[in-house]
Amino acid sequence: MANAEPAVAIRHLSKSYRRGGQKVVVLEDMSFDIQAGDFVALMGPSGSGKSTLLNLIAGIDRPDQGELRIGGIDINVLSESELADWRARHVGFIFQFYNLMPVLTAFENVELPLLLTELNARERREHVQLALDMVGLADRVTHYPSELSGGQQQRVAIARAIISDPTILVADEPTGDLDRVAAEDILALMERLNRELGKTIIMVTHDPQAAQRARSIKHLEKGMLVD
Amino acid sequence: MQVLKLIIGNALRHPLRTLLTTLGLLVAILSFGLLQTVVDAWYAGAARAAPNRLIVRNAVSLVVPLPIHYREKIRAVPGVRAVATSNWFAGVFKEPKNFFPQFAIDPLAYLGMYPEYLIKDDELREFLRDRQGVIIGRKLAQTHGLQVGDTMPLRGTIYPGNWEFVVRAIYDGVTPSTDTTLLFFQWQYLNDSLRIRAPLRANQAGVFVVQVEDAGRAAEIGLAIDQLFKNSPAETLTETEQAFQIGFVKQTESLVIAIRIVSFVVIFIILAVMANTMAMTARERRAEYATLKALGFGPGFLWQLILGESLALAIVGAGAGIALTFPVAQWFGAQMGTLFKSFVVSPETVWMQVICALVVGVLSAIIPAVQASRGRIVDGLRAVS
């Protein structure tokens with residue numbers, strides 16, 4: 001398996017923004033790989049480009065230059081609608097503030113990505129129950145986000161992220177809004193997903209303790225990898 | 001199912017805002033319906049006009065009468081089935097505010113041309129027997145609490161003096177929109193009285209109502225009638241009953257136009273209110289829309305959510321407004337007494353209300369939906385924090 005395609009292959013990736021008429025370079029000529037089944041923590045000070053890098057990997061932003069292959073697919077060449085389809089099949093999102101739909105129950109939130117598949121209602125129900133069981137919320141299916149704690153909401157978000165069995169999971173400060181106990185819980189769950197299900201996880205975090213749960217850590221500074 | 005739940009759930013997230021917006025829609029659609037019904041009521045006379053009836057009047061002016069002997073000449077015109085006199089009486093019943101139209105008519109000829117007035121045979125017989133008898137419409141009778149046998153004094157304005165009448169018949173309309181606010185009495189009684197009170201005004205008809213055999217030849221027969229009296233001291237102007245009625249409405253057309261404009265201004269105002277609500281709503285949910293897009297949902301899905309929510313509000317508000325239009329119009333019509341011949345909400349008005357509601361629902365959603373579907377995901381996600 002030595003020459004297997006990496007889950008994420010980044011080559012000479014650059015990204016800049018215009019702010020007040022000035023060009024601000026966020027990522028500069030970045031190249032590295034993330035192997036399938038890896039759990040990578042991206043760390044760095046604010047403005048180092050780690051969230052931008054995560055957004056590019058997740059296909060919700062476009063680079064200025066460089067090549068970005070996820071699971072062997074060059075996502076830069078995809079049109080907007082192709083990219084949306086690609087995200088639905090290959091990316092699971094875990095956000096800092098969970099980003100659940102407040103008017104849907106835990107079950108319905110987790111089911112959302114499956115509405116983009118061809119699964120029928122019965123198959124979707126089975127998948128959702130399995131995912132919620134996996135994150136320990138089998139007894140909270142009918143609860144609305146407002147009826148759940150922060151940790152539980154993040155678990156629902158994780159169940160939503162893994163429901164379509166994506167190629168990669170991207171997590172942006174997944175414990176940033178949680179207390180230490182809940183954060184530990186979420187990190188343990190992510191660790192389990194990586195270890196037991198072989199999920200490739202890329203996590204942005206400020207928290208060194210959280211980063212320690214990853215298999216590898218990449219530090220960014222001023223848009224470049226420093227190790 | 002999730003789409004429907006998202007639409008309904010989102011619509012109910014700010015109950016007070018939703019309530020006020022739908023209430024605004026209700027009032028706007030109700031007002032629109034009532035104003036359109038006022039316009040319809042204005043044109044009701046013209047709408048009810050029969051195509052086979054012509055009105056012959058003096059070419060100089062409606063207020064100048066025609067000699068009664070024209071009646072026989074008109075009757076002799078080929079294609080004319082019947083002719084009847086009709087004099088506008090304009091008497092005051094108790095007080096000037098109790099206005100309703102009154103006509104002195106040739107009873108048999110005239111009523112024969114208006115099958116839309118339903119009169120009981122025995123009451124008609126009594127009316128024909130009594131020179132001072134009157135036939136009044138059901139709405140007029142109800143408005144003034146009149147019954148068959150009641151005396152009905154009128155103070156003449158065009159024909160001065162006090163005129164004593166007795167209600168001999170009450171007619172009903174063949175449809176709810178038939179005008180039942182009219183009063184008819186015998187032209188012969190008017191003429192006989194004028195012979196004594198004002199002999200120079202006797203033997204004159206206000207207008208002649210003509211029924212033709214074939215409505216398709218109405219214009220041709222009208223021309224033939226006018227030709228008959230060409231270069232006479234009293235030339236005639238013959239037009240269809242509908243044109244005659246529209247002529248009356250035209251005198252107040254600017255008022256009708258103003259009412260129409262106001263009705264659409266009301267819709268425009270609620271469009272602005274609704275568009276603002278939807279814009280505010282979409283702005284608050286930028287992060288949710290960005291999340292959905294990140295999950296792989298395309299712009300079409302966001303259009304469904306935003307358009308669906310906007311249409312849901314429009315349908316609920318407008319539905320209630322349309323449902324309320326009927327009882328409110330009934331109440332309003334009753335309050336107006338005999339001012340409007342009939343005050344009935346037409347199917348066209350309901351359709352216009354439905355169309356206005358849908359237009360408001362769709363237009364209000366366009367800008368928020370375009371913004372939500374075009375916005376960058378990363379910008380939307382940033383909105384959460």
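Modeller: Start with contact: two residues are in contact if their C-beta atoms, placed from the backbone, lie within 7 Å. Here, 19 residues of chain B are in contact with 20 residues of chain A. This is a predicted model, in which local features need pLDDT of at least 70 and side-chain atom pairs count only at pLDDT 80 or more, while totals for chains, interfaces and linings use all residues. Residues are numbered from 1 along each chain as its sequence is written, with chains lettered from A and ligands numbered from 1 in the order in which they are written.

Colleague: Which helices of chain B each supply at least two residues of the side that touches chain A?

Modeller: Helices are DSSP runs of H or I, at least four residues long, and strands are runs of E, at least two long, numbered from the N terminus. H1, H12 (286-295) and H15 (377-382) of chain B each supply at least two residues of that side. H12(B) gives the most, with six residues.

Colleague: What are the confidence scores?

Modeller: pLDDT is the predictor's confidence in each residue, from 0 to 100. Chain B has a mean pLDDT of 91, and 97% of its residues reach 70 or more. The model as a whole scores ipTM 0.92 and pTM 0.73.

Colleague: Is chain B spread out or compact?

Modeller: Begin with its elements: chain B has 15 helices and 13 strands. Its radius of gyration is 29 Å, well over the 21 Å that the globule rule gives for 385 residues, so chain B is more spread out than a compact globule. That radius is taken over C-alpha atoms, and the rule is 2.2 Å times the number of residues to the power 0.38. Along the principal axes, the C-alpha atoms of chain B fill a box of roughly 95 × 45 × 30 Å.

Colleague: What does chain A have for its radius of gyration?

Modeller: Chain A has 17 Å, which agrees with the value near 17 Å for a compact globule of 227 residues. Its C-alpha trace spans about 50 × 45 × 40 Å along the principal axes. Chain A holds seven helices and ten strands.

Colleague: Into which domains is chain B divided?

Modeller: Domain bounds come from an automatic or database assignment. Chain B is divided into domain 1 (2-44 + 252-382) and domain 2 (60-234). Their centres, taken over C-alpha atoms, are separated by 48 Å. Six residues of domain 1 are in contact with nine residues of domain 2. On the domain 1 side, those residues divide into two nonpolar, three polar and one charged.

Colleague: How do I read sequence separation in the contacts?

Modeller: Take the contacts with a separation of 6 or more. In chain B, residues 24 or more positions apart account for 81% of them. In chain A, residues 24 or more positions apart account for 71% of such contacts.

Colleague: Where is Val60(B) found?

Modeller: Val60(B) is in the loop between strand S1 (53-58) and strand S2 (66-67) of chain B. Val60(B) is exposed, with 11 other C-beta atoms within 10 Å.

Colleague: Back to H1(B). Which of its residues are buried?

Modeller: In H1 (residues 2-11) of chain B, they are Leu6(B), Ile7(B), Asn10(B) and Ala11(B). Seen down the axis of H1(B), these fall within an arc of 120 degrees, so they line one face of the helix. The arc is that of the directions from the helix axis to the C-beta atoms. The buried residues of H1(B) pack against helix H2 (15-42) and helix H13 (299-335) of chain B.

Colleague: What should I look for in phi?

Modeller: Most residues other than glycine have a negative phi. Lys222(A) has a positive phi of about 50 degrees. Lys222(A) lies in the loop between strand S9 (216-221) and strand S10 (224-225) of chain A. It is partly exposed, with 14 other C-beta atoms within 10 Å.

Colleague: Which value does phi of Ala90(B) have?

Modeller: It is near 60 degrees, a positive value. Ala90(B) lies in the loop between strand S3 (80-88) and strand S4 (102-105) of chain B. With 14 C-beta neighbours inside 10 Å, Ala90(B) counts as partly exposed.

Technical notes. Ala, Val, Leu, Ile, Met, Phe, Trp, Tyr, Cys and Pro count as nonpolar, Asp, Glu, Lys and Arg as charged, and the others, Gly among them, as polar. A residue is buried if 20 or more other C-beta atoms lie within 10 Å of its own, exposed if 12 or fewer, and partly exposed in between; C-beta atoms are placed from the backbone.
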